[in-house]
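Try each task on your own before reading its solution.

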Amino acid sequence: SGPAHTGQPLKASVRAKLGTLIDEEIAVEILFGPIGASGEIENPQIMHLIAAADGIYTGTISSEIPGELGINARIVPAHPLLLSPAETGLSTYFCR
């Protein structure tokens with residue numbers, strides 16, 4: 001609904017089909033940051049989304065980043081014994 005302005009909160013939501021997984025086994029994250037000359041997100045910030053309904057995860061990005069902002073969603077494994085969500089090699093990215 002129109003361009004966002006620096007400092008304006010942006011609502012983010014992700015719909016995920018988890019199959020047999022449960023909310024406690026995954027983390028749904030938004031990565032966002034300025035778009036660099038190569039078209040990639042530079043120095044991304046990570047925000048964890050919260051389960052709002054069955055398969056829907058939401059949050060609000062509050063960014064002071066001027067210029068074009070890139071946003072990407074990812075779903076990663078979550079467990080207290082994992083050192084990193086990338087440890088299992090099961091991370092999933094969605095780009096639009």
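**Exercise 1. How many salt bridges does the structure hold?** Identify the partners and say where they lie.

Before starting, note that this is a predicted model in which local features need pLDDT of at least 70 and side-chain atom pairs count only at pLDDT 80 or more, while totals for chains, interfaces and linings use all residues. Residues are numbered from 1 along each chain as its sequence is written, and side-chain values use heavy atoms, with hydrogens and water left out.

*Solution.* 
- Step 1: start from the criterion, a side-chain nitrogen of Lys or Arg within 4 Å of a carboxyl oxygen of Asp or Glu. The structure holds 1 such salt bridge.
- Step 2: its partners are Arg74 and Glu29, whose side chains meet at 2.4 Å, N to O.
- Step 3: Arg74 belongs to strand β6 (residues 69-77) and Glu29 to strand β2, so the pair links distant parts of the chain, 45 residues apart. Strands here are DSSP runs (E, at least two residues), helices are runs of H or I with at least four, and both are numbered from the N terminus.
- Step 4: check the exposure. Buried means under 20% relative accessible area, exposed over 50%, and partly exposed in between (1.4 Å probe, protein chains only). Arg74 has 13% relative accessibility and therefore counts as buried; Glu29, at 4%, is buried too.
- As background, side chains of opposite charge can pair when their charged atoms come close.

**Exercise 2. Describe the make-up of the chain as a whole.**

*Solution.* 
- Step 1: count the elements. There are 0 helices and 7 strands, so the order from the N terminus reads β-β-β-β-β-β-β.
- Step 2: look at burial. The chain has 96 residues, of which 28% count as buried.
- Step 3: look at the contacts (heavy atoms within 4.5 Å). Among those with a separation of 6 or more, 57% come from residues 24 or more positions apart.

**Exercise 3. Which strands form the open sheet, and in what order?**

*Solution.* 
- Step 1: find the pairs, where two strands pair if DSSP finds at least two bridges between them. β1 and β5 are antiparallel over 6 bridges, and Leu10 is opposite Ile61 in β5.
- Step 2: strand β4 (residues 50-53) also pairs with β5 in the antiparallel sense, over 3 bridges. Here Ile50 faces Thr58 in β5.
- Step 3: The 3 strands make an open antiparallel sheet in the order β1-β5-β4. β1 and β4 are at the edges, each with a single partner strand, so one side of each has no neighbour in the sheet. The average twist from one strand to the next is 40°.
- Step 4: inspect the turn. The hairpin of β4 and β5 has 2 residues between the strands, and Gly55 takes a positive phi near 80° there.
- Step 5: compare the faces of β5. Tyr57, Gly59 and Ile61 make up the covered face, whereas Ile56, Thr58 and Thr60 make up the uncovered one. In a regular strand the side chains alternate between the two faces of the sheet.

**Exercise 4. Which residues touch the most other members of the largest nonpolar core?**

*Solution.* 
- Step 1: define the core as a set of buried Ala, Val, Leu, Ile, Met, Phe, Trp, Tyr and Cys residues joined through side-chain atoms within 4.5 Å.
- Step 2: in this core of 14 residues, Ile30, Met47, Leu49 and Tyr57 touch the most other members.
- Step 3: the elements giving two or more residues to this core are β1 (10-15), β2 (26-34) and β5 (56-61). β2 supplies the largest share, 4 residues.
- Step 4: follow Ile30. Beyond its neighbours within four places in sequence, Ile30 contacts Ala12, Val14, Met47, Leu49 and Ile61, among others.

**Exercise 5. Is Asn43 buried or exposed?**

*Solution.* 
- Step 1: Asn43 sits in the loop between β2 and β3 (45-48).
- Step 2: its relative accessible area is 68%, so Asn43 is exposed.
- Step 3: Asn43 has a positive phi, near 45°, although it is not a glycine.

Notes
Axes are lines fitted to C-alpha atoms, for helices over the stretch in contact, and angles run from 0 to 180 degrees between N-to-C directions.
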